[in-house]
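My notes follow in the order I worked.

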Amino acid sequence: MVFETSKANAILTILQGCNNLTRLQKIQAHVIVNGLQNHPAISNSILNFCAVSISGSLPYAHHLFKHIQNPQTQAWNSIIRGFAQSPSPFQAIFYYNRMLFDSVSGPDTFTFSFTLKACERIKALKKCEEVHGSIIRTGYERDVVVCTGLVRCYGGNGCAEIARMVFDNMPEKDLVAWNAMISCYSQAGYHQEALRIYDNMTNENVGVDGFTLVGLLSSCSHVGALNMGVKLHRIASEKGLLRNVFVGNALIDMYAKCGNLDGALEVFNGMPRDMFSWNSMIVGFGVHGFGDEAIYFFNQMLEAGVRPNSIAFLGLLCGCSHQGLVEEGVGFFHQMSSKFNVKPGIKHFGCIVDMYGRAGKLEKALEIIGDSPWQDDPVLWRILLSSSKIHKNVVIGEIAMRNLSQLGAVNAGDCVLLATIYAGDNDEQGVARMRKLIKNQGIKTTPGWSWIEVSDQVHRFVVDDKSHPDSGMIYQKLEEVTHKATMAGYVKDKSQFIFHGSCSEECLESSSTYHSEKLAIAFGLAKTPEGTSLRIVKNLRVCRDCHEFTKFVSQAFNRDIIVRDRLRFHHFKGGLCSCRDYW
């Protein structure tokens, strides 16, 4: 007995240093020769290596598991974990069910955690709820690891409110749990709530790590919270995390999406870089409309030996489109497949259609759609319709709208675009048809909103917003701002179309309403010192009237105003916009 124990311990020691399947199978043969194949610790160690290790083999683990007599909890956990992180996570739930019904061994912390991971990956909300019930019945509802798994699983299934309930009921929360809640809110699009989680962490003296920073920076990127992002940058520096490539990439993305390309470049130059670092810079320059800079970084990436992927080309084409670099953009588009073996997707074709459309080559843009694999996708036709509006081309605009109608994809924004084209052609009947189309078919509009960050707090406005605590002051300030802008040359665009007083792809607000962007600008001017840049994020495209208004406000108040809309950045300064009124 002592001899067998000694041999078992020796084998377990050898297994700890095993790093490939061939060596494992040799050890396993030694185990069988010595009659130790039913030794629980040894069989569990072999099974765990095969199921979980990157050098293992899940099919072989499956084979081994079938030959284990009365597997214990640890063995069940290994096979469940292996499948939970495999391309077949559904199998993990199958083994969890078998464990509950066919085994005398009960689930533990790890069983529930691995099963919840599988539920998260396959979006199995009902199974998540069922597992949650088992967790409560077996007394694990206070276990921090299990509850963190529940937060992630509910969050991954789009149930952020339930995830928050689980989180709030946890008697103790470690940093992993806080990070899970931040990630849950960020993935669900509740970015302000994610940033508020950080405030709670600060109040409870909870530290942060790289995962915390990446989650928070992602939310900063979405809402344009540059001040908060700068604060997180400082924390990353203090904690020595700037060499962490994930934190660095998150910082680059945050600075670029918050309109501060100098900040993005500073981070980029001081960190180890991977493909995502280069992509973030190229896409950043692209959406800001700086095509030349995007091309420069693309060439630098090639010189660094980094092979471009579809995202790099998307940023490159976007920059060429916004800067009017048609010949260069078309050249890069052809290089995608011919030189780099990257298959163009619908977004790449959209950039080419947009590129030709902006340049006034609408027939060529129409030809590109016809030759693309996505002529039945409304995205390309909507881009063509937008280009038709820029160049006031009724014929191409009607072709685009006809195709959208045949696809059953017409929305209120499309109607406004075509109505604008008709209005420019003095076609009152055409405008009336668009009004009638929206009214008769009950086409819904998308409410527009604008975000602005002031004193580390993000404020959200919608059309005619009266919900803000400083509402009275904001409207009073807006009157002053409008007056000064008018004195500088602003003339209100009275050709806006009245469709239920809401916003969609263009501007669907009536001429008597206060657009969300104007309210955000007024609030920003009232609450920030002279000379401070204003940064605004919109969920829709900037309308013509707001674009003109913002240009003259930048001149009248000597402020830089940076607006990120659904498609691109607009940098307003001294009465001019970086888009050159071409968007």
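**Entry 1: salt bridges**

I started with D414 and R382, whose side chains meet in a salt bridge at 2.7 Å, N to O. The term means a side-chain nitrogen of Lys or Arg within 4 Å of a carboxyl oxygen of Asp or Glu. This is a predicted model, so I kept local features to pLDDT of at least 70 and side-chain atom pairs to pLDDT 80 or more, while totals for chains, interfaces and linings use all residues. Residues are numbered from 1 along each chain as its sequence is written, and side-chain values use heavy atoms, with hydrogens and water left out.

Where do D414 and R382 lie? D414 is in helix α25 (residues 412–424) and R382 in helix α23 (residues 378–390), so the pair ties together parts that are 32 residues apart in sequence. Helices here are DSSP runs (H or I, at least four residues), strands are E runs of at least two, and both are numbered from the N terminus. I checked burial next: D414 and R382 are both buried. Buried is under 20% relative accessible area, exposed is over 50%, and partly exposed is in between, with a 1.4 Å probe and protein chains only.

I then looked up D470, which forms a salt bridge with K527. The closest N and O atoms of D470 and K527 are 3.7 Å apart. This pair links distant parts of the chain, 57 residues apart. D470 sits in the loop between β2 (457–462) and α27 (471–488), and K527 in helix α28 (residues 516–527). D470 counts as partly exposed because its relative accessibility is 27%. K527, at 40%, also counts as partly exposed.

The next pair is E480 and K477, a salt bridge at 3.4 Å, N to O. E480 and K477 are 3 residues apart in helix α27, so about one helical turn separates them. Is K477 buried or exposed? K477 is buried, with a relative accessible area of 16%. E480 is partly exposed at 32% relative accessibility. Salt bridges that share partners join K477, E480 and K484 into one network.

How many salt bridges does the whole structure hold? My search finds 15.

**Entry 2: helix α17 against α19**

I took helix α17 (residues 275–287) and helix α19 (residues 310–323). Their axes come within 7 Å and cross at roughly 20°. Axes are lines fitted to C-alpha atoms, for helices over the stretch in contact, and angles run from 0 to 180 degrees between N-to-C directions. α17 and α19 are therefore roughly parallel to each other. Angles under 35 degrees count as roughly parallel, over 145 as roughly antiparallel, 65 to 115 as roughly perpendicular, and the rest as oblique.

Which residues meet? From α17 I listed N279, I282, V283, G286 and V287. Their partners in α19 are I311, A312, G315, L316, C318, G319 and H322. Contact means heavy atoms within 4.5 Å. By class, the contact of α17 with α19 has 7 nonpolar, 5 polar and no charged residues. Nonpolar covers Ala, Val, Leu, Ile, Met, Phe, Trp, Tyr, Cys and Pro; charged covers Asp, Glu, Lys and Arg; the others, Gly among them, are polar.

**Entry 3: helix α20 against α21**

The axes of α20 and α21 come within 10 Å and cross at roughly 160°. That makes α20 roughly antiparallel to α21. V326, G329, V330, F333 and M336 of α20 make the contact with H348, F349, I352, M355 and Y356 of α21. I sorted the residues of the α20 and α21 contact into 8 nonpolar, 2 polar and no charged.

The loop between α20 (326–338) and α21 (346–358) holds N341. Phi of N341 is near 55°, a positive value in a residue other than glycine. N341 counts as exposed at 68% relative accessibility.

**Entry 4: other residues**

D464 has a positive phi of about 55° although it is not a glycine. D464 lies in the loop between β2 and α27, and is partly exposed at 29% relative accessibility.

N179 is in helix α11 (residues 175–188). N179 counts as buried at 10% relative accessibility. Leaving out residues up to four places away in sequence, N179 touches D209, F211 and T212.

**Entry 5: chain totals**

Buried residues make up 53% of its 583 residues.
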